Amino acid sequence: MLSAALRRMMVDTTPLRTSSDFLRLWIGSGISTFGGTMTSFAVMLQVYTLTHKSLDVGLASLASVLPGVLFVLLGGSVGDRVDRRKLVLLATSGQMVVSALLAVQAFAAWRTLGAIYALLCVQSLLVVISAPARRTFVPRVLPKDQVRAGQTLNTLVIRFAEVAGPALGGVLAGWSGLGWCYALDALSFLAALYAVYRLPPMQPGAIERNQGMLGSVAEGLRFLVTSRALLGAMLADLSVTVLGVPNALLPALVSARFGGQPEALGLLMGATGVGGLLVLFLSGPVRHIRYEGRAIVVACIAWGAAVCAFGLSPFLWLSLMFLAFMGALDSILVVMRSTLIQQRTPDELRGRISSVDYLVGSGGPQLGNLRAGIVGSVLPVSAAIVIGGASTIVAMACVARFIPELRRARADEDV
(Lines give C-alpha, C1' and ligand atoms only; values in the text may rest on other atoms or scores of the structure.)
Protein backbone atom coordinates (compact mmCIF):
# COMPACT_ATOMS: atom_id res chain seq x y z
CA MET A 1 0.00 0.00 0.00
CA LEU A 2 2.83 2.39 0.95
CA SER A 3 4.74 1.47 -2.20
CA ALA A 4 1.74 2.32 -4.40
CA ALA A 5 1.25 5.66 -2.63
CA LEU A 6 4.94 6.46 -3.03
CA ARG A 7 4.80 5.69 -6.75
CA ARG A 8 1.89 8.11 -7.14
CA MET A 9 3.99 10.80 -5.48
CA MET A 10 7.04 10.27 -7.71
CA VAL A 11 7.72 11.84 -11.10
CA ASP A 12 6.03 10.16 -14.06
CA THR A 13 8.76 8.36 -16.04
CA THR A 14 6.48 6.91 -18.72
CA PRO A 15 8.10 8.87 -21.59
CA LEU A 16 11.51 7.37 -20.75
CA ARG A 17 10.09 3.86 -21.09
CA THR A 18 7.95 4.34 -24.17
CA SER A 19 10.12 6.55 -26.42
CA SER A 20 13.78 5.77 -27.14
CA ASP A 21 14.08 9.09 -29.00
CA PHE A 22 12.93 11.00 -25.94
CA LEU A 23 15.24 8.97 -23.69
CA ARG A 24 18.29 9.87 -25.79
CA LEU A 25 17.25 13.53 -25.94
CA TRP A 26 16.73 13.59 -22.19
CA ILE A 27 20.16 12.15 -21.43
CA GLY A 28 21.99 14.20 -24.07
CA SER A 29 20.30 17.46 -23.12
CA GLY A 30 20.92 16.75 -19.45
CA ILE A 31 24.66 16.31 -19.94
CA SER A 32 24.85 19.41 -22.13
CA THR A 33 22.81 21.47 -19.67
CA PHE A 34 25.16 20.36 -16.89
CA GLY A 35 28.07 21.79 -18.84
CA GLY A 36 26.15 24.96 -19.60
CA THR A 37 25.51 25.71 -15.93
CA MET A 38 29.24 25.42 -15.24
CA THR A 39 29.89 27.98 -17.98
CA SER A 40 27.27 30.34 -16.50
CA PHE A 41 28.95 30.01 -13.11
CA ALA A 42 32.41 30.53 -14.60
CA VAL A 43 31.39 33.65 -16.55
CA MET A 44 29.79 35.24 -13.50
CA LEU A 45 32.79 34.51 -11.27
CA GLN A 46 35.39 35.48 -13.87
CA VAL A 47 33.76 38.84 -14.64
CA TYR A 48 33.28 39.68 -10.96
CA THR A 49 36.88 38.65 -10.18
CA LEU A 50 38.19 40.94 -12.92
CA THR A 51 36.19 44.04 -11.95
CA HIS A 52 34.45 43.45 -8.58
CA LYS A 53 31.39 45.25 -10.00
CA SER A 54 27.86 43.81 -10.06
CA LEU A 55 27.10 46.05 -13.03
CA ASP A 56 29.72 44.25 -15.14
CA VAL A 57 28.15 40.92 -14.19
CA GLY A 58 24.84 42.32 -15.38
CA LEU A 59 26.44 43.49 -18.64
CA ALA A 60 27.69 39.95 -19.21
CA SER A 61 24.09 38.82 -18.93
CA LEU A 62 23.10 41.51 -21.43
CA ALA A 63 25.72 40.21 -23.89
CA SER A 64 24.18 36.75 -23.45
CA VAL A 65 20.70 37.92 -24.39
CA LEU A 66 20.79 41.06 -26.56
CA PRO A 67 21.65 39.38 -29.90
CA GLY A 68 19.00 36.79 -29.15
CA VAL A 69 16.40 39.48 -28.51
CA LEU A 70 17.15 40.99 -31.91
CA PHE A 71 17.09 37.77 -33.93
CA VAL A 72 15.06 35.21 -31.97
CA LEU A 73 11.89 35.61 -34.04
CA LEU A 74 13.80 35.13 -37.27
CA GLY A 75 15.41 32.04 -35.76
CA GLY A 76 12.00 30.62 -34.92
CA SER A 77 10.74 31.40 -38.42
CA VAL A 78 13.67 29.50 -39.93
CA GLY A 79 12.78 26.57 -37.66
CA ASP A 80 9.30 26.50 -39.19
CA ARG A 81 10.73 26.25 -42.72
CA VAL A 82 13.60 23.71 -42.58
CA ASP A 83 14.37 20.33 -41.05
CA ARG A 84 14.60 21.23 -37.36
CA ARG A 85 16.92 18.30 -36.66
CA LYS A 86 19.57 19.55 -39.10
CA LEU A 87 19.19 23.10 -37.82
CA VAL A 88 19.83 22.02 -34.22
CA LEU A 89 22.85 19.93 -35.23
CA LEU A 90 24.44 22.89 -36.99
CA ALA A 91 23.78 25.42 -34.22
CA THR A 92 24.84 23.05 -31.43
CA SER A 93 28.17 22.43 -33.18
CA GLY A 94 28.73 26.19 -33.17
CA GLN A 95 27.95 26.39 -29.46
CA MET A 96 30.59 23.74 -28.78
CA VAL A 97 33.19 25.85 -30.59
CA VAL A 98 32.27 28.94 -28.55
CA SER A 99 32.67 27.06 -25.26
CA ALA A 100 36.06 25.82 -26.42
CA LEU A 101 37.13 29.42 -27.16
CA LEU A 102 35.96 30.50 -23.69
CA ALA A 103 38.21 27.80 -22.28
CA VAL A 104 41.14 29.10 -24.34
CA GLN A 105 40.77 32.66 -23.04
CA ALA A 106 40.51 31.40 -19.46
CA PHE A 107 43.59 29.19 -19.72
CA ALA A 108 45.49 32.03 -21.40
CA ALA A 109 44.47 34.36 -18.53
CA TRP A 110 43.30 37.18 -20.78
CA ARG A 111 42.32 40.04 -18.50
CA THR A 112 39.84 41.69 -20.85
CA LEU A 113 36.07 41.67 -20.76
CA GLY A 114 35.79 42.33 -24.48
CA ALA A 115 36.64 38.76 -25.50
CA ILE A 116 34.18 37.30 -23.00
CA TYR A 117 31.37 39.64 -24.07
CA ALA A 118 32.02 38.94 -27.77
CA LEU A 119 31.90 35.17 -27.28
CA LEU A 120 28.72 35.49 -25.22
CA CYS A 121 27.11 37.44 -28.08
CA VAL A 122 28.00 34.73 -30.60
CA GLN A 123 26.73 32.05 -28.23
CA SER A 124 23.45 33.95 -27.86
CA LEU A 125 22.90 33.96 -31.63
CA LEU A 126 23.51 30.22 -31.86
CA VAL A 127 21.22 29.45 -28.94
CA VAL A 128 18.28 31.36 -30.43
CA ILE A 129 18.63 29.23 -33.54
CA SER A 130 18.84 25.86 -31.76
CA ALA A 131 16.67 26.25 -28.66
CA PRO A 132 13.27 27.05 -30.31
CA ALA A 133 13.68 24.19 -32.78
CA ARG A 134 14.75 21.82 -29.99
CA ARG A 135 11.67 22.69 -27.94
CA THR A 136 9.41 21.41 -30.71
CA PHE A 137 10.86 17.89 -30.40
CA VAL A 138 8.88 16.83 -27.30
CA PRO A 139 5.36 17.11 -28.81
CA ARG A 140 6.69 15.36 -31.93
CA VAL A 141 8.22 12.31 -30.22
CA LEU A 142 5.59 11.89 -27.47
CA PRO A 143 1.82 11.41 -27.59
CA LYS A 144 -0.27 14.32 -26.33
CA ASP A 145 -1.09 12.70 -22.98
CA GLN A 146 2.64 12.38 -22.16
CA VAL A 147 3.73 15.92 -23.06
CA ARG A 148 3.42 17.28 -19.51
CA ALA A 149 5.37 14.29 -18.15
CA GLY A 150 8.03 14.92 -20.78
CA GLN A 151 8.27 18.61 -19.87
CA THR A 152 8.50 17.65 -16.20
CA LEU A 153 11.38 15.26 -16.89
CA ASN A 154 13.18 17.91 -18.96
CA THR A 155 12.79 20.42 -16.16
CA LEU A 156 14.01 17.81 -13.68
CA VAL A 157 17.28 17.32 -15.53
CA ILE A 158 17.73 21.10 -15.81
CA ARG A 159 17.32 21.46 -12.06
CA PHE A 160 19.82 18.67 -11.46
CA ALA A 161 22.30 20.52 -13.64
CA GLU A 162 21.65 23.73 -11.71
CA VAL A 163 22.61 21.90 -8.52
CA ALA A 164 25.58 19.89 -9.73
CA GLY A 165 26.99 22.34 -12.29
CA PRO A 166 27.70 25.35 -10.04
CA ALA A 167 28.77 23.07 -7.17
CA LEU A 168 31.33 21.31 -9.37
CA GLY A 169 32.24 24.64 -10.95
CA GLY A 170 33.01 26.07 -7.51
CA VAL A 171 35.27 23.12 -6.71
CA LEU A 172 37.08 23.35 -10.06
CA ALA A 173 37.50 27.11 -9.72
CA GLY A 174 39.04 26.68 -6.30
CA TRP A 175 41.34 23.81 -7.30
CA SER A 176 42.44 24.28 -10.88
CA GLY A 177 40.92 27.43 -12.39
CA LEU A 178 37.89 28.43 -14.43
CA GLY A 179 39.20 27.10 -17.74
CA TRP A 180 38.17 23.56 -16.87
CA CYS A 181 34.55 24.68 -16.41
CA TYR A 182 34.46 25.94 -19.99
CA ALA A 183 36.35 22.89 -21.32
CA LEU A 184 33.92 20.41 -19.76
CA ASP A 185 31.03 22.40 -21.20
CA ALA A 186 32.53 22.08 -24.69
CA LEU A 187 32.85 18.31 -24.29
CA SER A 188 29.29 17.98 -22.97
CA PHE A 189 27.86 19.13 -26.32
CA LEU A 190 28.93 15.80 -27.84
CA ALA A 191 26.15 14.03 -25.93
CA ALA A 192 23.52 16.48 -27.19
CA LEU A 193 24.76 16.17 -30.76
CA TYR A 194 24.53 12.37 -30.66
CA ALA A 195 20.96 12.44 -29.30
CA VAL A 196 19.76 14.82 -32.01
CA TYR A 197 21.66 12.95 -34.74
CA ARG A 198 19.68 9.77 -33.91
CA LEU A 199 16.33 11.51 -34.40
CA PRO A 200 14.33 11.05 -37.61
CA PRO A 201 13.93 14.11 -39.87
CA MET A 202 11.92 16.84 -38.15
CA GLN A 203 10.22 18.67 -40.99
CA PRO A 204 7.84 21.40 -39.76
CA GLY A 205 4.15 21.58 -40.56
CA ALA A 206 2.82 23.22 -43.72
CA ILE A 207 3.59 26.90 -44.24
CA GLU A 208 2.43 29.20 -47.00
CA ARG A 209 5.04 29.01 -49.76
CA ASN A 210 4.47 32.59 -50.91
CA GLN A 211 4.95 33.97 -47.41
CA GLY A 212 8.18 35.90 -46.83
CA MET A 213 10.32 35.68 -43.72
CA LEU A 214 8.95 38.88 -42.18
CA GLY A 215 5.39 37.80 -43.00
CA SER A 216 6.08 34.52 -41.25
CA VAL A 217 7.30 36.36 -38.16
CA ALA A 218 4.23 38.61 -38.21
CA GLU A 219 1.94 35.58 -38.42
CA GLY A 220 3.50 34.12 -35.29
CA LEU A 221 3.14 37.39 -33.41
CA ARG A 222 -0.52 37.71 -34.44
CA PHE A 223 -1.22 34.22 -33.11
CA LEU A 224 0.47 35.04 -29.81
CA VAL A 225 -1.36 38.35 -29.34
CA THR A 226 -4.75 36.76 -30.02
CA SER A 227 -3.99 33.76 -27.76
CA ARG A 228 -4.31 35.72 -24.54
CA ALA A 229 -3.73 32.73 -22.27
CA LEU A 230 -0.33 32.11 -23.87
CA LEU A 231 0.48 35.82 -23.78
CA GLY A 232 -0.45 35.92 -20.10
CA ALA A 233 1.76 32.92 -19.33
CA MET A 234 4.74 34.64 -20.93
CA LEU A 235 4.06 37.94 -19.16
CA ALA A 236 3.82 36.04 -15.88
CA ASP A 237 7.25 34.55 -16.45
CA LEU A 238 8.66 37.97 -17.32
CA SER A 239 7.22 39.34 -14.08
CA VAL A 240 9.39 36.85 -12.23
CA THR A 241 12.57 36.95 -14.29
CA VAL A 242 12.99 40.56 -15.37
CA LEU A 243 11.81 42.11 -12.11
CA GLY A 244 12.87 39.63 -9.45
CA VAL A 245 15.86 37.46 -10.42
CA PRO A 246 18.71 38.19 -7.92
CA ASN A 247 21.52 36.14 -9.52
CA ALA A 248 23.71 39.07 -10.56
CA LEU A 249 23.75 40.19 -6.93
CA LEU A 250 24.92 36.85 -5.54
CA PRO A 251 28.68 37.57 -5.82
CA ALA A 252 28.23 40.88 -3.99
CA LEU A 253 26.00 39.17 -1.40
CA VAL A 254 28.60 36.47 -0.80
CA SER A 255 31.32 39.11 -0.50
CA ALA A 256 29.30 41.20 1.98
CA ARG A 257 27.84 38.42 4.15
CA PHE A 258 29.57 35.10 3.64
CA GLY A 259 33.31 35.74 3.35
CA GLY A 260 33.58 35.93 -0.43
CA GLN A 261 34.31 32.21 -0.84
CA PRO A 262 33.74 30.60 -4.29
CA GLU A 263 32.27 27.56 -2.53
CA ALA A 264 29.57 29.73 -0.91
CA LEU A 265 28.69 31.24 -4.29
CA GLY A 266 28.46 27.76 -5.78
CA LEU A 267 26.09 26.65 -3.01
CA LEU A 268 23.84 29.68 -3.48
CA MET A 269 23.72 29.22 -7.25
CA GLY A 270 22.88 25.54 -6.83
CA ALA A 271 20.25 25.95 -4.11
CA THR A 272 17.41 26.78 -6.51
CA GLY A 273 18.18 23.57 -8.36
CA VAL A 274 17.90 21.59 -5.11
CA GLY A 275 14.39 22.88 -4.52
CA GLY A 276 13.48 22.31 -8.13
CA LEU A 277 14.78 18.74 -8.00
CA LEU A 278 12.83 17.92 -4.86
CA VAL A 279 9.50 19.19 -6.15
CA LEU A 280 10.01 17.46 -9.49
CA PHE A 281 10.96 14.12 -7.96
CA LEU A 282 7.74 14.35 -5.94
CA SER A 283 5.72 15.71 -8.85
CA GLY A 284 3.13 12.94 -8.97
CA PRO A 285 0.37 15.25 -7.70
CA VAL A 286 1.33 17.82 -10.37
CA ARG A 287 -0.15 15.60 -13.07
CA HIS A 288 -3.58 16.13 -11.48
CA ILE A 289 -3.49 19.94 -11.81
CA ARG A 290 -6.31 20.83 -14.22
CA TYR A 291 -5.72 24.56 -14.67
CA GLU A 292 -2.13 25.28 -15.66
CA GLY A 293 -2.83 29.02 -15.80
CA ARG A 294 -4.01 29.19 -12.19
CA ALA A 295 -0.92 27.29 -11.05
CA ILE A 296 1.27 29.81 -12.90
CA VAL A 297 -0.31 32.77 -11.09
CA VAL A 298 0.06 31.22 -7.62
CA ALA A 299 3.66 30.13 -8.24
CA CYS A 300 4.72 33.59 -9.43
CA ILE A 301 3.26 35.47 -6.45
CA ALA A 302 4.77 33.00 -3.97
CA TRP A 303 8.13 33.30 -5.76
CA GLY A 304 8.15 37.09 -5.31
CA ALA A 305 7.47 36.70 -1.59
CA ALA A 306 10.35 34.21 -1.29
CA VAL A 307 12.73 36.67 -2.99
CA CYS A 308 11.86 39.32 -0.40
CA ALA A 309 12.57 36.86 2.41
CA PHE A 310 15.87 35.84 0.79
CA GLY A 311 17.01 39.45 0.62
CA LEU A 312 16.44 39.88 4.36
CA SER A 313 18.04 36.59 5.44
CA PRO A 314 21.20 37.03 7.58
CA PHE A 315 22.32 33.37 7.56
CA LEU A 316 23.73 31.19 4.79
CA TRP A 317 21.61 28.17 5.72
CA LEU A 318 18.42 30.25 5.75
CA SER A 319 19.31 31.88 2.43
CA LEU A 320 19.80 28.42 0.94
CA MET A 321 16.34 27.38 2.15
CA PHE A 322 14.64 30.40 0.57
CA LEU A 323 16.49 29.83 -2.69
CA ALA A 324 15.45 26.17 -2.65
CA PHE A 325 11.81 27.21 -2.21
CA MET A 326 12.17 29.62 -5.12
CA GLY A 327 13.58 26.79 -7.21
CA ALA A 328 10.59 24.58 -6.40
CA LEU A 329 8.17 27.30 -7.45
CA ASP A 330 10.12 28.02 -10.61
CA SER A 331 10.01 24.35 -11.61
CA ILE A 332 6.23 24.33 -11.31
CA LEU A 333 6.07 27.54 -13.35
CA VAL A 334 8.29 26.14 -16.12
CA VAL A 335 6.36 22.86 -16.42
CA MET A 336 2.97 24.57 -16.50
CA ARG A 337 4.03 27.28 -18.96
CA SER A 338 5.82 24.95 -21.38
CA THR A 339 2.95 22.43 -21.35
CA LEU A 340 0.37 25.14 -21.96
CA ILE A 341 2.34 26.69 -24.83
CA GLN A 342 3.38 23.50 -26.64
CA GLN A 343 -0.05 21.88 -26.53
CA ARG A 344 -2.03 24.97 -27.53
CA THR A 345 0.21 25.93 -30.45
CA PRO A 346 -0.26 24.37 -33.94
CA ASP A 347 2.82 22.51 -35.17
CA GLU A 348 3.31 24.85 -38.13
CA LEU A 349 3.69 27.73 -35.65
CA ARG A 350 5.66 25.95 -32.92
CA GLY A 351 9.06 27.19 -34.09
CA ARG A 352 8.01 30.84 -33.94
CA ILE A 353 6.05 30.58 -30.69
CA SER A 354 8.83 28.47 -29.14
CA SER A 355 11.29 31.20 -30.09
CA VAL A 356 9.26 33.75 -28.13
CA ASP A 357 8.93 31.27 -25.26
CA TYR A 358 12.68 30.73 -25.29
CA LEU A 359 13.27 34.48 -25.31
CA VAL A 360 11.02 34.81 -22.27
CA GLY A 361 12.46 31.83 -20.41
CA SER A 362 16.16 32.49 -20.97
CA GLY A 363 16.32 36.14 -22.03
CA GLY A 364 14.16 37.32 -19.14
CA PRO A 365 16.63 36.19 -16.44
CA GLN A 366 19.51 37.82 -18.31
CA LEU A 367 17.65 41.13 -18.49
CA GLY A 368 16.76 40.61 -14.85
CA ASN A 369 20.45 40.22 -14.03
CA LEU A 370 21.17 43.48 -15.82
CA ARG A 371 18.39 45.20 -13.86
CA ALA A 372 19.71 43.69 -10.61
CA GLY A 373 23.25 44.82 -11.42
CA ILE A 374 22.09 48.39 -12.06
CA VAL A 375 19.95 48.54 -8.90
CA GLY A 376 22.69 46.84 -6.86
CA SER A 377 25.22 49.44 -8.01
CA VAL A 378 23.23 52.27 -6.35
CA LEU A 379 21.52 50.49 -3.42
CA PRO A 380 22.67 48.05 -0.72
CA VAL A 381 22.48 44.47 -1.95
CA SER A 382 19.66 43.51 0.48
CA ALA A 383 17.49 46.44 -0.58
CA ALA A 384 18.05 45.64 -4.27
CA ILE A 385 16.90 42.04 -3.77
CA VAL A 386 13.80 42.95 -1.72
CA ILE A 387 12.71 45.59 -4.25
CA GLY A 388 12.90 42.95 -6.97
CA GLY A 389 10.68 40.52 -5.06
CA ALA A 390 8.09 43.18 -4.26
CA SER A 391 8.02 44.32 -7.90
CA THR A 392 7.32 40.74 -8.99
CA ILE A 393 4.28 40.49 -6.71
CA VAL A 394 2.80 43.76 -7.98
CA ALA A 395 3.40 42.90 -11.64
CA MET A 396 1.92 39.41 -11.29
CA ALA A 397 -1.19 40.79 -9.62
CA CYS A 398 -1.65 43.11 -12.60
CA VAL A 399 -1.25 40.26 -15.10
CA ALA A 400 -3.82 38.14 -13.26
CA ARG A 401 -6.23 41.06 -13.08
CA PHE A 402 -6.05 42.26 -16.68
CA ILE A 403 -5.63 38.88 -18.43
CA PRO A 404 -8.29 36.69 -16.78
CA GLU A 405 -7.92 34.14 -19.60
CA LEU A 406 -4.69 33.02 -17.93
CA ARG A 407 -6.45 32.04 -14.71
CA ARG A 408 -8.89 29.85 -16.67
CA ALA A 409 -6.34 28.36 -19.09
CA ARG A 410 -5.99 24.59 -19.53
CA ALA A 411 -3.51 22.82 -21.82
CA ASP A 412 -6.01 20.12 -22.87
CA GLU A 413 -8.70 22.67 -23.80
CA ASP A 414 -9.62 22.79 -27.48
CA VAL A 415 -8.82 26.21 -28.95
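This note goes through the overall build of a predicted model.

1. Basis. The model is predicted: local features need pLDDT of at least 70, side-chain atom pairs count only at pLDDT 80 or more, and totals for chains, interfaces and linings use all residues. Residues are numbered from 1 along each chain as its sequence is written, and side-chain values use heavy atoms, with hydrogens and water left out.

2. Secondary structure. The protein has 18 helices and 0 strands (DSSP runs, H or I of at least four residues for helices, E of at least two for strands).

3. Overall size. The C-alpha trace spans about 55 × 45 × 45 Å along its principal axes.

4. Burial and surface. Of the 415 residues, 55% are buried (under 20% relative accessible area, 1.4 Å probe, protein chains only). The accessible surface is about 17200 Å² (Shrake-Rupley method, 1.4 Å probe), and carbon and sulfur atoms account for 69% of that surface.

5. Domains. The assignment, from an automatic or database source, gives domain 1 as 13–207 and domain 2 as 211–414. Their centres, taken over C-alpha atoms, are 18 Å apart.

6. Contacts. Between the domains, 50 residues of domain 1 are in contact with 61 residues of domain 2 (heavy atoms within 4.5 Å). Within the protein, of the contacts between residues at least 6 apart in sequence, 88% join residues at least 24 apart.

Definitions and conventions
Buried means under 20% relative accessible area, exposed over 50%, partly exposed in between (1.4 Å probe, protein chains only).
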